[in-house]
Amino acid sequence: MLLDSNIIIYAAKPAYSELRQFIEKHAPAVSAVSYVEVLGYHRLTQDERRYFEMFFAAASVLPISEAVLNHAVTLRQTRKMSLADALQAGTALAHRLTLVTRNTKDFEWIQGISLLNPFDATSP
């Protein structure tokens, strides 16, 4: 499994203890894109920054490899999408991981991608 940035951010909120349990149980990877998106947010408080720094230190952070770049380029040539989403999807495809995201609609069109929305009661 590969966590999208939105899942990492939701999991940091006190109201989402089930999501933290899900992450602890599955020990999913994260992409270098999420590292930049989450830690690079200019309005993080000191407490949030410390929390996310500890999270990423414990997580398996997957790099932006040539395979990831090739998938991302193909996706962006196929359909308009943000660079971050293309790199997230490219990472999931390159590593054959399920992308765990709340924004499944952004990725449903991608052939061969496996998606999981942990907020959806119909998801496994």
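**Helix faces and a helix crossing**

Guide: Let us start with α2, where L19, F22 and I23 are buried; buried means under 20% relative accessible area, exposed over 50% and partly exposed in between, with a 1.4 Å probe and protein chains only.

Visitor: Why are the buried residues of α2 said to line one face of the helix?
Guide: Seen down the axis of α2, they fall within an arc of 95 degrees, so they line one face. The arc is taken from the directions from the helix axis to the C-beta atoms. The face turned away carries E18, Q21, E24 and K25, which are exposed.

Visitor: What kind of model is this?
Guide: This is a predicted model, in which local features need pLDDT of at least 70 and side-chain atom pairs count only at pLDDT 80 or more, while totals for chains, interfaces and linings use all residues. Residues are numbered from 1 along each chain as its sequence is written, and side-chain values use heavy atoms, leaving out hydrogens and water.

Visitor: What makes α5 oblique to α6?
Guide: Helices α5 (66-78) and α6 (83-95) pack at about 125 degrees, with their axes 7 Å apart. Under 35 degrees is roughly parallel, over 145 roughly antiparallel, 65 to 115 roughly perpendicular and the rest oblique, so α5 is oblique to α6.

Methods
Axes are lines fitted to C-alpha atoms, for helices over the stretch in contact, and angles run from 0 to 180 degrees between N-to-C directions. Helices (H or I, at least four residues) and strands (E, at least two) are DSSP runs, numbered from the N terminus.
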